[in-house]
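Me: I would like to learn how to read a structure of this kind. Please take me through its features one at a time.

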Amino acid sequence: MSQPTQDDFIPSAKPAKYDGQFIPVDTPGAPLYVEDDQLYTEWYNPTSQDVVLEVHIGTDPKNAAWRKAYLEATPARRLEMKSGNRIFVIKAGQTKQISSDFDLAIQRTHCLHPACTNKKDACRDLDHPRVVSAGLAPQLICKRWHKVPGLAANLDMAKAQAEQAMAAMAKANVEKLSAEMEVQGARKLLEQAQATAREALEAKARAEEAAARETKARLEAENKLQSVEQAARTKGK
Amino acid sequence: MAGESIATIFNALSQTMDEDLTRQWNRTTFLLKWIAEAGNIKPGHGKNAAFDVEFTNATGGTVAEGSDVQASEYNSDINEPAVFSWATYRTSFQISEQEIDAARGSIGTPEKLRDLFGSRVVSANSILAKAVEQDLLTGTGVDSNGNPTLIGIFGGALSASGVYGGLNPATYSEWASTLLANGGVLRSLTPNLMNQADNAIFIAASLPWNMILTSAGVAAKYEQFFTAGTGNAGNFPLVRINDRNEYGLGVAMDAIGQMDNLQWKGKRVQRNPLAPTGKMAFLNTEFIKLQYLPHMPTRNEIEFFESLGLTGSSGDEPATRMTVPLPVRFVEIAKTGDSHKISARLTVASAIVRRNAMAVIQDISES
């Protein structure tokens, strides 16, 4: 399942700000202006794996009411009360509503708006672009924001895996090139050795030829000398 | 007549033991040691351990030249108390007078065992040390009987939701730690993840964390950043790619904790046998407080408890002995027969008073 893009996201019907409808809170009879009045936040799991959220809710054993409830709780309820964690499971492809109290735990976002004057991690302007910088499940899509937040580069596991694969491929390429260069070097050395051997053979042939010529010349000279000596002996007689 | 062998007199010889008693247990207390080193174990007072904290509320900005100060401009940061309950840890033992007398007179027995009372006190002391260490790591604030425990750094003290110390991060977002989990889906530890934790702490608090605490498995994964692929099987460091002390591996630094000198950004990466698997915490021990509830002891008790301290160790190995200034109170319960009933008790409270200066990475694969 591919990650939804910004275009895929259907923004809430309610605008981020009540433009033109804002009445100062100190005006008599004015409705209470609440920018973020959602009790529940919708979380969408776009991945192919179920997401498990262990949200910390805390324990309070010094509180008599809490302790009484704990001692009377069912085993499953007692497990939650003892661990201090409430577990939510969001199945692959599903959307779940979870109390907005846990928003910060599920995802912390970092505002990217250049003109935002809020603290980067505390900006709650629904229209500001943002990246998910921490949280229990950075892979979830929070439907609170009007723009789908990106994922901080350090948390982008797909990107990390792609980078790892690229690094492995680059390493393999380097090794391949290195091996090819070694083969080329070996081939060159072989050619050099063959040329040297050929030259040696040719030199040997030339030397043998020269030696043959020399032998022939010596034989001819000896023959000539013998014939001169024979002619001289014949004259003496 | 046949010659004798040892079998002839074997049963007649007395059984003597080596002079050493080798304890097999491991009750080391690495985290307690680091909190003690930060000077944050102190006596507490009153009905609980409470700390005042302050959150952002005040604002300031540009105004028109010569303008009056408006009522809305007067504002201040918010001060709140963070309140933590006392938790009582206790261990008890009962030894008979006959047992003590028999041990004391047993020649050829390790001296530590002949001093049976002392031996049991040492054990009780380390049992409490381990219990406190365990809950400092994974305690949830309540045990299975509903009694209060410490809230550990992996048990809720470093979280971004739920009430901690009476304060809720949903109200005060600065009262939240950074959590880097992956929805329960395990993934590899990467330098990027560690950088993200470091970045988050910097953005939230701009205070340097001073140690990483993790399980042995995750520590090994961190170690493999520097060793993988350099050994015959890719898992044994023949070549170190980075010899700088700020990162990676060095020689074993000291015997305490049998640690490799694992460091990241110049800070120690400390593994802990009690830490849960798949998690890594970036801690700032300056903000981890531990208070104990002192009782009113006699002069003799003060001297005795001061000399005793609270000691975690792995058996008697001096290299792993970690004594921290948490005084345990040993009390002999009313004698009703010919045995001594001893109870050791410690009342303690822990608090992380600046949660945004710390972070936890979760869902790390150790395989």
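Me: What should I know before I start reading?
Reply: This is a predicted model, in which local features need pLDDT of at least 70, side-chain atom pairs count only at pLDDT 80 or more, and totals for chains, interfaces and linings use all residues. Residues are numbered from 1 along each chain as its sequence is written, while chains are lettered from A and ligands numbered from 1 in the order in which they are written.

Me: What is the mean pLDDT of chain A?
Reply: The term pLDDT stands for the predictor's confidence in each residue, from 0 to 100. Chain A averages 81, and 84% of its residues score at least 70. A contact here means that the C-beta atoms of two residues, placed from the backbone, lie within 7 Å.

Me: How many helices and strands does chain A have?
Reply: Helices (H or I, at least four residues) and strands (E, at least two) are DSSP runs, numbered from the N terminus. Chain A has four helices and eight strands. Along the sequence they follow the pattern β-β-α-α-β-β-α-β-β-β-β-α.

Me: In what order do the three strands of the open sheet in chain A stand?
Reply: Two strands pair if DSSP finds at least two bridges between them. The order of this sheet is β4-β1-β7 of chain A, and the pairing is antiparallel. Because β4 (95–99) and β7 (141–142) of chain A are at the edges with a single partner strand each, one side of each has no neighbour in the sheet. Strand β1 (residues 40–44) of chain A joins β4(A) over five antiparallel bridges; A:Trp43, for instance, has A:Lys96 in β4(A) as its bridge partner.

Me: Why is strand β6 (residues 130–134) of chain A described as largely enclosed?
Reply: A residue is buried if 20 or more other C-beta atoms lie within 10 Å of its own, exposed if 12 or fewer, and partly exposed in between; C-beta atoms are placed from the backbone. Four of the five residues of β6(A) are buried, so the strand is largely enclosed by the rest of the structure. Strand β8 (residues 150–151) of chain A runs parallel to β6(A), joined by two bridges.

Me: Is A:Asp60 buried or exposed?
Reply: A:Asp60 is buried, because 20 other C-beta atoms lie within 10 Å. A:Asp60 sits in the loop between β2 (51–56) and α1 (64–72) of chain A. For chain A as a whole, 21% of the 237 residues count as buried.

Me: Which strands make up the open sheet of six strands in chain B?
Reply: The order is β7-β17-β11-β8-β10-β9 of chain B, with mixed pairing. Since β7 and β9 (263–264) of chain B stand at the edges, with a single partner strand each, one side of each is left without a neighbour in the sheet. Helix α7(B) packs on this sheet, touching β7, β9, β11 (280–283) and β17 (359–361) of chain B, and its direction makes about 165 degrees with that of β7(B). Such axes are lines fitted to C-alpha atoms, for helices over the stretch in contact, and angles run from 0 to 180 degrees between N-to-C directions. Within the sheet, strands β8 (residues 211–214) and β10 (residues 267–271) of chain B pair in the parallel sense over four bridges.

Me: How many residues of each chain are in contact with the other?
Reply: In chain B, 36 residues are in contact with 37 residues of chain A. On the chain B side, β5 (140–142), α6 (153–157), β7 (178–180) and α7 (191–204) each supply at least two residues. Helix α7(B) gives the most, with seven residues.
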